[in-house]
Amino acid sequence: MNTVIPHLKELLNSVDVSNIPYQKGNNIYIGRSCVRKVKYGYKTFYNKKFVAETFSKVAAITLAKLSNTHKDKLFQIKKLDNIIHKNFNDCLFYKNASKKSKDPLAQSVLDVRIDVSTAKIDNAVSELLDILHTN
């Protein structure tokens, strides 16, 4: 029992606690970055300075985690977030049009378009997660 305590202290001292995300209210803090939920998306701040506004939570967290170290990735993150936003809106439009359409051919075409937009969203999210986990 006495040998475990020094190992635990050593482990706790070796872990960088500043990069562990935690949530407080509507805000998610990662180091010096803050992700704030707003009406239509998320705003990311670094050292209390506005960095960018995103549509998806995964893009906001990726942006917050990399806003200080990898500024070259910011454009790519925003581009992937725009893909998510566009295809999300497309899915809403296609679902509504499919629901109101009485033509079975039109409904099947719209269902295919929903599947394509969903696949594009999944692809963009997986790319964002790859960026987040590799850095």
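T54 is buried, with a relative accessible area of 3%. The model is predicted.

- T54 belongs to strand β5, which covers residues 49–54.
- T54 counts as buried because its relative accessible area of 3% falls under the 20% cut-off.
- From its side chain, T54 reaches the backbone oxygen of S56 at 3.3 Å.
- Neighbours within four places in sequence aside, T54 is in contact with Y40, G41, Y42, A59, A60, L63, K78 and D81.

**Nonpolar cores**
- The largest nonpolar core contains 13 residues.
- Within this core, I77, L80, I84 and L128 have the most contacts.
- Two or more residues of this core come from each of the helices α2 (57–66), α3 (74–100) and α4 (104–134).
- Another core, of six residues, lies apart from the largest one, and its members include I28, I30, V35 and A60.
- A60, one of the residues of that other core, is also in contact with T54.
- I84 touches F55, S56, I121, A124, V125 and L128, when residues up to four places away in sequence are not counted.

**Largest pocket**
- The volume of the largest pocket is about 170 Å³.
- Its lining has 12 residues, and N19, G31, R32, Y46 and N68 lie nearest the centre of the pocket.
- By type, the lining residues of this pocket are three nonpolar, seven polar and two charged.

Methods
Residues numbered from 1 in each chain as written. Predicted model: local features only at pLDDT ≥ 70, side-chain atom pairs only at ≥ 80, totals over all residues. Heavy atoms only, no water. Core = buried A, V, L, I, M, F, W, Y, C linked by side-chain atoms within 4.5 Å. Buried < 20%, exposed > 50% of the residue type's maximum accessible area, 1.4 Å probe, protein only. Helix = DSSP H or I, 4+ residues; strand = E, 2+ residues; numbered from the N terminus. Contact = heavy atoms within 4.5 Å. 1 Å grid on protein atoms, 1.4 Å probe; cavity = no way out; pocket = protein on both sides within 12 Å on 5 of 7 lines; lining within 4 Å. Points joined across faces, edges and corners; volume = space filled by probe spheres on them. Nonpolar A, V, L, I, M, F, W, Y, C, P; charged D, E, K, R; others polar. Polar contact = N/O pair within 3.5 Å; in protein donor to acceptor, adjacent residues only side chain to side chain.
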